[in-house]
Amino acid sequence: MMQPALDIVIAALERIRQTSDHLPRASRTAVARLQASHPLIAYMPAAANKAELLVPIRDRVRACTKCPHLACSRTQTVFGVGNPDADLMFVGEAPGVDEDQQGEPFVGRAGQLLTKILKTMGFAREDVYIANILKCRPDTPTGTFGNRVPTPTEMQTCRPYLVDQIEVIQPKVLVALGAVAVEGLLGTRGTMRELRGRWHAYNGIPLMITYHPAYLLRNQAPSEKRKVWEDMLQVLERLNRPITERQRNYFL
Ligand code: SF4
């Protein structure tokens, strides 16, 4: 590419970075090529700096009031947790009451089950990355208990933060937990019967869809637990992780 044209592209990307809510979209390969050809490109550092790249996104989330009703009702935002260099990233729907209190996704009963699933897969929570579509707990009427499902508008409003997180982390495999997370991520509605157990894709990243752990807490049938585990076995295979006989025969 001629140098003046390259300068225009770089300047445009830099402008987007400074004025937009999101990082500019460019594949890592394209960025690497640009970086190699132009030493001044600094808008997207190398993969080693993924943790640093997440910091400004986290800061934007922390200050976000795009959903005024949620900004008022939240205890704190719940950005995400885990290894920014993770090969495996889980996406849930929204923080619940426990997550809102602790500022970390999947720490309630459903989260404990997810941690158990991870352990059985051979991962610690710190090995993977976990985030939700929504970074604020969906509000509920005063005096009521429980959590509410995020609205499509709320998910649409918050989704760019997750998009940026995935763009930085670039996991080898994504797992969407439940139909609401799928709707938030892909914008498609469907039943879990139609969606789960097979590979989909999000921006070229293999995406496995499985039940939300909360579903397994409500429905303790071994057949349902086994379905989730079979989905996780597919994830392990996709990640080229060794699978023991014990893991193959496991029921959650
Ligand atoms: S849910 Fe997301 S978009 Fe809405 S206020 Fe919270 S951080 Fe902002």
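Modeller: Keep in mind that this is a predicted model. Begin with the lining of the largest pocket, which divides into 14 nonpolar, seven polar and six charged residues.

Colleague: What volume does the largest pocket have, and how many residues line it?

Modeller: Its volume is about 630 Å³. The lining is made by 27 residues, and those nearest the centre are Glu93, Ala110, Asn147, His212 and Ala214. Two or more lining residues come from each of helix H5 (97–102), helix H6 (109–121), helix H8 (179–186) and helix H10 (213–218).

Colleague: Which element gives the largest share of that lining?

Modeller: H10 does, with four residues.

Colleague: How should I read a helix such as H8: is it mostly covered or mostly open?

Modeller: The general idea is that an α-helix has 3.6 residues a turn, so residues three or four places apart point the same way. In H8, six of the eight residues are buried, namely Val180, Ala181, Val182, Glu183, Gly184 and Leu185. Among the elements that these buried residues pack against are strand E2 (88–92), helix H7 (152–169) and strand E4 (173–177). Just after H8, Gly187 has a positive phi of about 75 degrees.

Colleague: Where does the ligand sit?

Modeller: It sits in the largest cavity. Around the ligand are Cys64, Lys66, Cys67, Leu70, Arg74, Leu134, Lys135, Cys136, Thr157 and Cys158.

Colleague: How does that shell divide by class?

Modeller: Six residues of the shell are nonpolar, one is polar and three are charged.

Terms used:
Residues are numbered from 1 along each chain as its sequence is written. This is a predicted model: local features need pLDDT of at least 70, side-chain atom pairs count only at pLDDT 80 or more; totals for chains, interfaces and linings use all residues. Side-chain values use heavy atoms; hydrogens and water are left out. A residue is near a molecule or strand if one of its heavy atoms lies within 4 Å of it. On a 1 Å grid over the protein atoms alone, a cavity is a set of points where a 1.4 Å probe fits but cannot get out, and a pocket is an open set with protein on both sides within 12 Å along at least five of seven lines; lining residues have an atom within 4 Å of a point. A molecule sits in a cavity or pocket if more than half of its atoms lie within 2 Å of its grid points. Ala, Val, Leu, Ile, Met, Phe, Trp, Tyr, Cys and Pro count as nonpolar, Asp, Glu, Lys and Arg as charged, and the others, Gly among them, as polar. Grid points are joined across faces, edges and corners, and a volume is the space filled by probe spheres set on the points. Buried means under 20% relative accessible area, exposed over 50%, partly exposed in between (1.4 Å probe, protein chains only). Contact means heavy atoms within 4.5 Å.
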